[in-house]
Amino acid sequence: MSINNSNQDGVAGQGFDEVFDVVVVGFGFAGGAAALAAHDSGARVLLLEKMPDPGGISICAGGGVRTVTDRQQGRAYLRKTVGPDVPDDVIDMMTEGMLGLETYFRNLAKINDAAIRVRDRGGNYPFPGHEALGIVEVAQIPGFDARKEYPHARGRLLGPNVFKLLHDNIRARDITVRLETAARRLIIIDGEVAGIEVSQQGLTRRIGARRGVILATGGFESDPEMQRKYWQIRPVMPAATRANTGDGIRMAQAAGADLWHMWHFHGSYGFRHVDADYPFALRVKRLPDWTPEVNTPEVAMSWIVLNQSGRRFMNEYHPYLQDTGHRPLDQFDPVTQRFPHIPAFLVVDEEGRKRYPLGQAVLNDRAVEPYVWSDDNLKEVENGILQKADTLEELAALIGADANTLRASLERWNRQCAEGLDEDFARPGASMLPVRTAPFYVGRLWPLVNNTQGGPAHDASQRVLNPFKEPIARLYTAGELGSIWGFLYLGAGNLAECFITGQVAGKHAAALIPRELS
């Protein structure tokens, strides 16, 4: 008897509809890299994706893939930024993988003559080794038009280039790819993962995996129920995909997996669309990152953020705003039994409104028409994402704050702008702009998640571990499902992790002695 999603032993008449050596679940960067590695190691591979189009969150990324330029210093930075819960040998694996990424990408680029570019880029924080880091990018692919080939995706910068390079390599190999095929449950026989149950076109199928199953399903950005189990902050809106609903986490848990740093997610603050059915947050404008004690912002930030009382409560321009911008919103007041910073309010004046678009859409979903933010922010005033106030009294009414409190907040901010010193929250002086020229504009801000970092704990071979730190036989994880980043994220580190852990999981699974399945 075969047992689905259980550790009960015993098997007779396994009843698989088909059998492969390695089954990879999720076709983003991590799943694609895992499928390539397993295939190139001699395995017969099936690559599954639940959505109609591949790419996941990966295709929406900026496209820089993090590298290290010095083994010892780079490792020192990783050891500090990932937090204390990641074992040293996992750090070693990541360090070695990051050292090899330039060669890896140059080998992938042989398929389509992609131009690979390498540049130095320091860490986000002044930890030891912050200078020993770099970036590898897919700068150009001859004849590639991202909007034509991947019309379902609206990403940033070079993310589509990276996916195109990966996709072309998948297409060139004898790897079976199935879209619109959702993994439901692991099949466990005699204490080992032996396959997976999937749903395809309304039918349930049982697929055997002679060597192993690799879960590369991403996290739980679009599962509010799972978020409530692990996060105090709520609600948190997804930024890019509806696909990531914690599938891999549930399957791994049912097989006995331990979990780590489920609290940690890569996120910020952003706007809601006025259409309640629009499923994604609209991210605030991405301004250049900066590193404390190393450099300061090069671009002024046109806005301030106020709470429901009309007061500033945060440094609006964190060193890596797209990673930690949500954290100051995560405060619950037991006296009022509410979150006083959710929603918060982005406020600009007329000069700030003219400076640049305040938001943008980033997504991968063919069923959603991407929102295009206007250059002058006036479309958003017309449709209600932003609201206009001709006076401070009107602005206070839109926020629901006391007018005198709001006036005092703006007067204090403008005085500090003139002095170039934020005495309250230490926002960098070069980023400070006054808010004083009517009319004023305000938009409600909500926490948003770009991607989660928590998930199944794993070892340096990407084997999923149980709570006793023992590997669950023939079960692997890759990418952001159980990411190493458990403290302060390293920009472009998730992309590096996708390609490194995908390679490690694919090679290790393919090297296992196959079991007999029928």
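Me: Which ring does the charged end of arginine 44 sit over?
Reply: This is a predicted model, so everything here is computed from its atoms. In it the charged end of arginine 44 sits over the ring of phenylalanine 20, at 4.1 Å from the ring centre.

Me: And what about arginine 206, which ring is its charged end over?
Reply: The charged end of arginine 206 sits over the ring of phenylalanine 16, and here the distance to the ring centre is 5.2 Å.

Me: Moving to ring pairs, how many aromatic pairs are there?
Reply: The count comes to 19 aromatic pairs. One of them joins phenylalanine 105 and phenylalanine 499, whose ring centres are 4.9 Å apart and whose planes make an angle of 70 degrees, which is over 60 and therefore makes the pair edge-to-face.

Me: Where in the chain do those two phenylalanines lie?
Reply: Phenylalanine 105 belongs to helix 4 (residues 101–108) and phenylalanine 499 to helix 14 (residues 493–510), so that the pair links distant parts of the chain, 394 residues apart.

Me: Buried or exposed, phenylalanine 105 and phenylalanine 499?
Reply: Phenylalanine 105 counts as buried because its relative accessibility is 2%, and phenylalanine 499 counts as buried because its value is 0%. Another aromatic pair, tyrosine 371 with tryptophan 373, is edge-to-face as well, with 6.0 Å from centre to centre and 85 degrees between the planes, and both of these residues are buried.

Me: Which residues do ring pairs link into a cluster?
Reply: The cluster linked by ring pairs holds Phe27, Phe29, Tyr104, Phe105, Phe144, Tyr150, Phe163 and Phe499.

Me: Take tyrosine 104 from that list; what is it in contact with, leaving aside neighbours within four places in sequence?
Reply: With those neighbours left aside, tyrosine 104 is in contact with Ala33, Leu36, Phe499 and Gln503. Tyrosine 104 lies in helix 4 and is buried, since its relative accessible area of 14% falls under the 20% limit. For a sense of distance, its C-alpha atom and that of phenylalanine 313, 209 residues apart along the chain, are separated by 45 Å.

Me: Changing topic, where is asparagine 124?
Reply: Asparagine 124 is placed in the loop between strand 5 (115–120) and strand 6 (133–140), and it counts as buried because its relative accessibility is 3%.

Me: What lies 2.7 Å from a polar atom of its side chain?
Reply: That is the backbone nitrogen of glycine 491. Leaving aside neighbours within four places in sequence, the residues in contact with asparagine 124 also include Arg66, Tyr77, Asp289, Trp290, Tyr320 and Tyr489.

Me: Now histidine 458: which loop is it in?
Reply: Histidine 458 is in the loop between strand 22 (455–456) and strand 23 (463–465), and with a relative accessible area of 1% it is buried.

Me: What does its side chain reach at 3.2 Å?
Reply: At that distance the side chain of histidine 458 reaches the backbone oxygen of glycine 482, while a polar contact of 3.3 Å joins its side chain to that of glutamine 462. Beyond neighbours within four places in sequence, the residues in contact with histidine 458 include Val90, Trp260, Arg463, Thr477 and Ile484.

Me: Last topic, how many cavities of 30 Å³ or more does the structure hold?
Reply: The structure holds 2 of them, and the largest cavity has a volume of about 400 Å³. Of the 40 residues that line the largest cavity, Glu49, Gly56, Ala216, Thr217 and Asn244 are the closest to its centre.

Me: Which elements give two or more residues to that lining?
Reply: For the largest cavity they are helix 1 (29–40), strand 9 (181–189) and helix 8. Helix 8 (residues 247–254) has Asp247, Gly248, Ile249, Met251 and Ala252 as its buried residues, and the helix is followed by glycine 256, whose phi is positive, near 105 degrees.

Me: And the second largest pocket, how much space lies in it?
Reply: About 340 Å³ of space lies in the second largest pocket. Its lining has 15 residues, of which Arg147, Arg154, Gly155, Gln360 and Ala361 are the closest to the centre, and the elements that give two or more residues to this lining are helix 5 (146–149) and strand 7 (153–154).

How values were computed:
Residues numbered from 1 in each chain as written. Predicted model: local features only at pLDDT ≥ 70, side-chain atom pairs only at ≥ 80, totals over all residues. Heavy atoms only, no water. Helix = DSSP H or I, 4+ residues; strand = E, 2+ residues; numbered from the N terminus. Buried < 20%, exposed > 50% of the residue type's maximum accessible area, 1.4 Å probe, protein only. Polar contact = N/O pair within 3.5 Å; in protein donor to acceptor, adjacent residues only side chain to side chain. Contact = heavy atoms within 4.5 Å. Phe/Tyr/Trp six-rings, centres within 6.5 Å; stacked < 30°, edge-to-face > 60°. Lys NZ or Arg CZ within 6 Å of the ring centre and 35° of its normal. 1 Å grid on protein atoms, 1.4 Å probe; cavity = no way out; pocket = protein on both sides within 12 Å on 5 of 7 lines; lining within 4 Å. Points joined across faces, edges and corners; volume = space filled by probe spheres on them.
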